[in-house]
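Hi there,

Please have a look when you get a moment.

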Amino acid sequence: MNELTPFEKWVIENKGTEQPFTGKFYYHNEIGVYTCKRCDAPLYNSKDKFEANCGWPAFDDEIDGAIKKVKDADGKRTEILCNNCDAHLGHVFEGEGLTPKNTRHCVNSISLNFEAKDSKLSTAIFASGCFWGTEYYFLRTKGVISCEVGYIGGTTENPTYEEVCSGNTGHAEACKVVFDPDRISYESLAKLFFETHDPTQLNKQGPDIGTQYRSEIFYVDEEQKNMAFILIAQLKAKRIDVVTKVTKATQFYPAEDYHQDYYEKTAGKPYCHIYEKKF
């Protein structure tokens with residue numbers, strides 16, 4: 001069994017429910033298989049996922065033999081569990097007429113992992129203050145396969161969070177985004193980067209102050225570099241005094257496990273990242 005965070009245990013073992021519209025798989029529509037967070041058993045194929053506008057991932061079918069269905073104690077709803085480890089997933093509803101199969105598995109994102117089907121994927125790296133908030137918005141973007149928070153742009157190898165916070169390593173808190181370029185462009189991701197933080201703040205973001213909280217794009221190729229400068233020019237033409245740096249990507253060091261998927265684990269929302277349309 002995989003080790004679970006306290007929030008994951010509350011949902012998976014104690015049959016809790018995450019807040020609607022907060023799970024990272026609600027807006028997720030990539031090709032692959034959704035698996036059990038606790039035991040990695042395959043549960044749902046992406047082809048069976050549909051938009052139910054209910055606030056949680058919805059599927060109208062399951063992988064054969066993957067799901068156990070049990071009536072709630074009050075007899076009103078039917079609970080769905082992983083048939084391999086009895087992890088709580090959510091509930092199943094029938095007769096709503098939302099798809100031809102007339103079934104809706106309403107599943108907590110926190111109960112799931114995802115294994116993407118092999119495809120041509122690309123990587124982008126953005127730093128915009130506290131990496132928890134940066135990750136929050138990219139995780140909820142269609143076409144994004146995964147996000148990983150970490151450290152980049154410094155001199156110390158394998159830095160710890162405490163070392164980065166000292167300001168002595170030169171690293172920025174950043175988010176490495178793996179995305180499907182057939183479903184979302186780098187331009188769209190870069191625009192989201194600019195629209196979910198204040199690119200006019202130098203070495204700070206909201207209440208967080210220090211060079212590790214700087215605004216910076218780390219490009220992996222010339223196409224990304226050129227797009228970054230084009231978008232900065234567009235913002236400056238609108239009298240937005242952008243201080244965002246554009247730098248060739250160097251070694252990216254993943255942050256400690258407790259930083260990954262932070263807001264999903266804590267059911268929280270960013271305190272210093274707010275979406276504001278700029279383009």
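This is a predicted model: local features need pLDDT of at least 70, side-chain atom pairs count only at pLDDT 80 or more; totals for chains, interfaces and linings use all residues.

Residues are numbered from 1 along each chain as its sequence is written, and side-chain values use heavy atoms, with hydrogens and water left out.

**The helix**

Helices (H or I, at least four residues) and strands (E, at least two) are DSSP runs, numbered from the N terminus. In α2 (residues 131-139), 9 of the 9 residues are buried, so this helix is largely enclosed by the rest of the structure; buried means under 20% relative accessible area with a 1.4 Å probe, protein chains only. Among them are Phe 131, Trp 132, Glu 135, Tyr 136 and Tyr 137. The cover over the buried residues of α2 includes β10 (122-128), β11, α3 (161-165), β12 (172-179), α4 and α6, where contact means heavy atoms within 4.5 Å.

**The pockets**

A pocket here is an open set of points on a 1 Å grid over the protein atoms alone, where a 1.4 Å probe fits, with protein on both sides within 12 Å along at least five of seven lines; lining residues have an atom within 4 Å of a point. A volume is the space filled by probe spheres set on the points, which are joined across faces, edges and corners.

The largest pocket has a volume of about 520 Å³. Of its 21 lining residues, Lys 24, Lys 37, Asn 113, Gln 260 and Asp 261 are the closest to the centre. β11 (144-152) gives at least two lining residues, as do β9 and α6 (262-266), and the largest share, 5 residues, comes from β11. By class, the lining has 7 nonpolar, 5 polar and 9 charged residues; Ala, Val, Leu, Ile, Met, Phe, Trp, Tyr, Cys and Pro count as nonpolar, Asp, Glu, Lys and Arg as charged, and the others, Gly among them, as polar.

The second largest pocket comes to about 210 Å³. Its lining includes Phe 179, Tyr 186, Glu 187, Asp 221 and Met 227. α5 (222-237) supplies the largest share, 3 residues.

**The sheet**

Three strands form an open, antiparallel sheet in the order β2-β1-β9, where strands pair if DSSP finds at least two bridges between them. β2 (42-45) and β9 (112-116) are its edge strands, each pairing on one side only. 3 bridges join β1 (residues 32-36) to β2, and Val 33 has Asn 45 of β2 as its bridge partner.

Best wishes

Conventions
Buried means under 20% relative accessible area, exposed over 50%, partly exposed in between (1.4 Å probe, protein chains only).
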